[in-house]
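Student: Hey, can we go through this one together? I'd like to start with strands and then move on to helices.

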Amino acid sequence: MGQFDLHEKSAATYLDKAANGSGVDKCGLTVDALTRLQNQLRPRQMTDIVEIGPGGGIALEALTGAIKTQLPAYIGKLSLRLLELDGIESESLRKARRGFGEIGESTLHVGDAREIDRILGQDSSDVIVACAVLHEVYSYGGGLPALKDAFCAANDTLREGGYMAYRDIVSVPGESLLDRRKETFHSESWVRFSRMFLPYYLKNAQHPYGAEQDQVSFEQGLGIVSVDDVDPVEPVTINAPIGVFRELQRHYITFRDHAWRSDAFEVAPVLDGPFASDWVDERQGRKRIHFRFNSEPGDNPLSEIEETDSEGNYVADCDVFDPAADLFLAHFLEQANKPGTEQSDIWKRWVDREGPETYVYYTLDNLIGAVAAQTFDHTGGKKMLLPRRISVSPRAYYTRYLKRNLERAFVDGGQQVLFQAINPRTRPDLVEAAMTQIVANCSENTVNQVHGTLA
Ligand SMILES: C[S@@+](CC[C@H](N)C(=O)[O-])C[C@H]1O[C@@H](n2cnc3c(N)ncnc32)[C@H](O)[C@@H]1O
């Protein structure tokens, strides 16, 4: 695997938790899998769960809570094996394991998702959880071949009838990441971020945009300009594959959160504890941001805010706070573009760690089609991963923010697929149930492709 910051990735305060306040939507599919399995179990029969890449234990903590509340009389006994890369340990994961200890036993195994069958044993698991992991396997493990290895190894590790609860960053609508479009960015922070980030990403990341026809171009004023000549205070129109916009959008919010957390703006929001998720309307993604001023408020756009909470933090509606944060970010990026500044150090540390990461490697269509074909071929048609449930769980706060700032924002959140390891020869009923999901959620091309695989 390539390099990434192990500590940051496994910290309990990593992006998902800090900005959303909860890991609940990370465990919904696992609970669904256990509910389905429960009907086939004898009392006290063992259910073997595996979680790949538990990181700081957010999904595990949520799963423990969900089992206690939603499946309090779960019929089987629970055994959990965690598979993590070497060197990833955190107090928050230990805490999550202690919590799980109240309902089952857990063990921690060191290794790579691509070798899970060799490490944990073939046909040894009933449920495999992979939450926000596979984009890292893609980014650091070598792209699509690494993903194929991980899915095939998971299929081998599952018992027939077992489930894989897959969740990763929600992809773009449509069949291809490579379809092109033009997008205009108006605000200074987005223009500055685009011109600093995109060249780095396209040069250094593992991504599918290397072909001549996938080139990214920038237009300003009368026509195409080189990225170095983009005027940061004028709108810029970018012409690029649709997947590149998805990366730009996702990396922007990741970096903005990172800069907040580095105390690099004049304000620092409260990103942990109960004040981190003070919702006005959770479904609409509207929350109140609790923050401190890092220095005298001066004439910054939040200086008028007077409301404070019980700990003396200032409190602002996110629709007021976010535009101010974008202004801070524009100023930050202006400084970060100058060599030798404190801001340029923060930018470099972030871009070296996060810049090479591709969040979206497949559309939902491509994912379903590829996983079906690859697992079928790998086992000679004896066992394959087919979807039994497909859903999207939007991160309402980010999506609200993005829609207010971009003409055509993508929904941000999790894309979830509950795969089942099915023997297509002996279980035509399960294949049919899976096809119903595919027909409801995928394009005709993918439906035909899966039919072709099964033929
Ligand atoms: C973004 S974190 C997600 C953590 C947790 N699953 C969650 O949803 O909060 C990704 C995790 O995947 C782990 N990971 C990355 N590549 C892996 C691989 N090839 N095999 C096993 N784990 C991997 C990382 O160490 C990290 O803990």
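Student: Which residue is the bridge partner of Asp278 in E12?
Tutor: Arg288 is the bridge partner of Asp278. One thing to keep in mind: this is a predicted model.

Student: Okay. How do E11 and E12 pair, parallel or antiparallel?
Tutor: Antiparallel, over 3 bridges. E11 covers residues 278–281, and E12 covers residues 286–293.

Student: How many residues sit between E11 and E12?
Tutor: There are 4, and the two strands form a hairpin. Look at Gly285 in the turn: Gly285 has a positive phi of about 75°.

Student: New topic. What is the strand order in the open sheet of 4 strands?
Tutor: The order is E6-E9-E7-E8, with antiparallel pairing.

Student: Which strands are at the edges?
Tutor: E6 (180–185) and E8 (223–225). Each of these edge strands pairs on one side only.

Student: And what does the twist average?
Tutor: From one strand to the next, the twist averages 35°.

Student: What holds strands together in general?
Tutor: Strands of a sheet pair through backbone hydrogen bonds.

Student: Back to this sheet. How many bridges join E7 to E8?
Tutor: 3 bridges join them, and E7 is residues 217–220. Glu219 stands opposite Ile224 in E8.

Student: Which strands does helix H9 lie across?
Tutor: H9 (residues 188–204) lies across E6, E7 and E9. Helix H9 runs at about 40° to E9.

Student: What about H10, which strands does that helix touch?
Tutor: H10 packs on the sheet and touches E6 and E9. The direction of H10 makes about 120° with that of E9.

Student: Now helix against helix. At what angle do H10 and H12 cross?
Tutor: Roughly 135°, and their axes come within 11 Å. So H10 is oblique to H12. The crossing is right-handed.

Student: Which residues make that contact?
Tutor: From H10, they are His251, Thr254, Phe255 and His258. From H12, they are Ile346, Trp347, Trp350, Arg353 and Glu354. That divides into 4 nonpolar, 3 polar and 2 charged residues.

Student: Last one. Where does Gly65 lie?
Tutor: In helix H4, residues 58–70.

Student: How far apart are the C-alpha atoms of Gly65 and Cys27?
Tutor: They are separated by 9.6 Å, though the two residues are 38 residues apart along the chain.

Technical notes
Residues are numbered from 1 along each chain as its sequence is written. This is a predicted model: local features need pLDDT of at least 70, side-chain atom pairs count only at pLDDT 80 or more; totals for chains, interfaces and linings use all residues. Side-chain values use heavy atoms; hydrogens and water are left out. Axes are lines fitted to C-alpha atoms, for helices over the stretch in contact, and angles run from 0 to 180 degrees between N-to-C directions. Angles under 35 degrees count as roughly parallel, over 145 as roughly antiparallel, 65 to 115 as roughly perpendicular and the rest as oblique. A crossing is left-handed if the near helix is turned anticlockwise from the far one by less than a right angle, and right-handed if clockwise. Contact means heavy atoms within 4.5 Å. Ala, Val, Leu, Ile, Met, Phe, Trp, Tyr, Cys and Pro count as nonpolar, Asp, Glu, Lys and Arg as charged, and the others, Gly among them, as polar. Two strands pair if DSSP finds at least two bridges between them.
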